[in-house]
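Thank you all for coming; I would like to take a few minutes to walk through one model with you, going slowly enough that everyone can follow along on the screen. Please have the sequence and the structure open while I talk.

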Amino acid sequence: MLLLPAGVHAQILAPSVAPFSLGVASGWPSATSVVLWTRLTSALTELHASDRMPVGWELAADADFKAVVARGEAMAEREWAHSVHVEVAGLDPDRWYWYRFHAQGQRSPVGRTRTLPEATARPAHLRMVFTSCQHYEGGWYGAHRHIAAEEPDFVIFLGDYIYETSYRHAVRRHPERTEIQTLDEYRRRYACYKGDPDLQAGHAACPWLVAWDDHEVRNNYPGHLPLEYLLPRRAAAYQAFWEHMPLPERLRPDGPTMRRLYTHFDFGDLVRICMLDTRQYRSPQLTASQVHAESDRLLNDPTRTMLGEAQEAWLHARLGTSSAIWNVVAQQTIVSRSGAGKHASYRIASDRWDGYPAARGRLMDALRSTANPVVIGGDVHSFWVGELTEDLYDPRTPPVATELVSSSVSSVGPSARTVARRIASNPQMRYGNGAWRGYVRLDIRREHIDAALRAVYDVTSPDTGAFTLATFLNMADIPGVVRTS
Ligand code: FE
Ligand code: CA
């Protein structure tokens, strides 16, 4: 059964052929531009030997390419894994376009993309989907096929696009079972994931806004890895990330430092989305022995940071100057307290905001003076909906922001016991469910946001159906979130 919106060509669900076997993608939209992506692959030695391959691209106002509005040629270079990042400028705001590439006598699948409305526009509605965590071995990507069928304006992917290791549990296997470390290994891992036709369908349906989390490099990095080990590996991982994402040319990394990935997107005056990078600039996590007591001096050290000073100042400014009705803060993990246990025995999740209470306090300060703040996240492979309250330690205090956390696309979730313990220990969380894989669909309107937690029935089956697990309503100017079904 095809569940794709009109204009996303059915051929996308057939195995794409070389040199376009990794599909196409778009992202990083503005009111007048968007980035188009593909990467040439080939078993032909001809490609491997070739340093530069020309790739043609065209962008049209219609699905049949009768009205091509822009075309050009890009160079796919061996040094960058023959990836192509074309930033098409001069487009009309707030409209859909179709694009495709051609090279070596082959045409790529067709992708659909769009521009943002102008900053002065007053849009009535935005549909966006967010999710994270797609361990290839955890299951099939039915969630992405269903995301494409939702016809979202864009998808926000919050990290763990690939995983560097294998776990015991597997529905399908990476071709390589060892932990990846080198540039070639990271590239092959992306090629494995991006070969999936449902993931390709998700990318072809609309532009994606992408962030990363830890597994694009290594579980829970930086941790306490020696820098002489971490930095070369991080450089390889960051390069492979850029090579495989619809990111602009100017974000091409330079050594172990990725250029600024955090950014904001305005959808007219309806919503400002601040996309954070909570991974690259953070202070190392505290170890288990360092965090068992929450009053710990180390834990509350105000110099410990989640965003880094520059990004923190940038976020405060973006939120402080926003005139949007809604302000979405898209970050990688869970901001709310999410550990388990009572009082002194409360166990901190040291990789989440729980492990950075001073930084979280500064984020809360920014949210307090922001209009209609909504925090979205991932990482925990389970759905969570709740409120960030005035005093995070006292759920009876008034809500400051709504927090919505998506489950994973395919990565294995926590046990029912763990989820039950977290719910019992954190009453500010209105809802928690770790049993299902899926995504969150947001319909953002001027007066309210409807949020639907969408789950796939069976992650072990490529043609699984999907259903709505629960829905929530967030009214503008009335803090708090209400479950509606
Ligand atoms: Fe994950
Ligand atoms: Ca993660």
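Asparagine 372 counts as buried, because its relative accessibility is 14%, which falls under the 20% cut-off for that word. Please keep in mind that what we are looking at is a predicted model. You will find asparagine 372 in the loop between α8 and β15, the strand that covers residues 373–377, and its phi is near 40 degrees, a positive value in a residue other than glycine.

Aspartate 379 also has a positive phi, of about 75 degrees, although it is not a glycine. This aspartate sits in the loop between β15 and β16, where β16 spans 383–391, and with a relative accessibility of 15% it counts as buried.

What are the protein donors of the calcium ion, ligand 2? They are Asp160, Asp213, Asp214 and Asp379, each through OD, and they lie 2.3 to 2.6 Å from the ion. Along the chain, these donors follow the spacing D-x52-D-D-x164-D. Aspartate 213 is buried, with a relative accessible area of 2%, and aspartate 214 is buried as well, at 1%.

Let me turn now to a pair of helices. In general, two packed helices are described by the angle between their axes and the distance between the axes. Helix α7, residues 309–320, packs against helix α8, residues 357–368, at an angle of about 15 degrees, and their axes are 9 Å apart. That angle makes α7 roughly parallel to α8, and the crossing of the two is right-handed. On the α7 side the contact involves Glu312, Leu315, His316 and Leu319, which meet Arg362, Leu363, Ala366 and Leu367 in α8.

Finally, a word about prolines and cis peptide bonds. The bond from alanine 18 to proline 19 is cis, with omega near 5 degrees, and proline 19 belongs to the segment before β1, which covers 24–27. Tyrosine 221 and proline 222 are likewise joined by a cis peptide bond, with omega about 5 degrees, and proline 222 lies in the loop between β11 (208–210) and α5 (227–244).

Terms used:
Residues are numbered from 1 along each chain as its sequence is written. Chains are lettered from A and ligands numbered from 1 in the order in which they are written. This is a predicted model: local features need pLDDT of at least 70, side-chain atom pairs count only at pLDDT 80 or more; totals for chains, interfaces and linings use all residues. Side-chain values use heavy atoms; hydrogens and water are left out. Donors are N, O and S atoms within 2.8 Å of the metal (3.2 Å for Na, K and Ca); water is not among the atoms, so sites may look incomplete. Buried means under 20% relative accessible area, exposed over 50%, partly exposed in between (1.4 Å probe, protein chains only). Axes are lines fitted to C-alpha atoms, for helices over the stretch in contact, and angles run from 0 to 180 degrees between N-to-C directions. Helices (H or I, at least four residues) and strands (E, at least two) are DSSP runs, numbered from the N terminus. Angles under 35 degrees count as roughly parallel, over 145 as roughly antiparallel, 65 to 115 as roughly perpendicular and the rest as oblique. A crossing is left-handed if the near helix is turned anticlockwise from the far one by less than a right angle, and right-handed if clockwise. Contact means heavy atoms within 4.5 Å.
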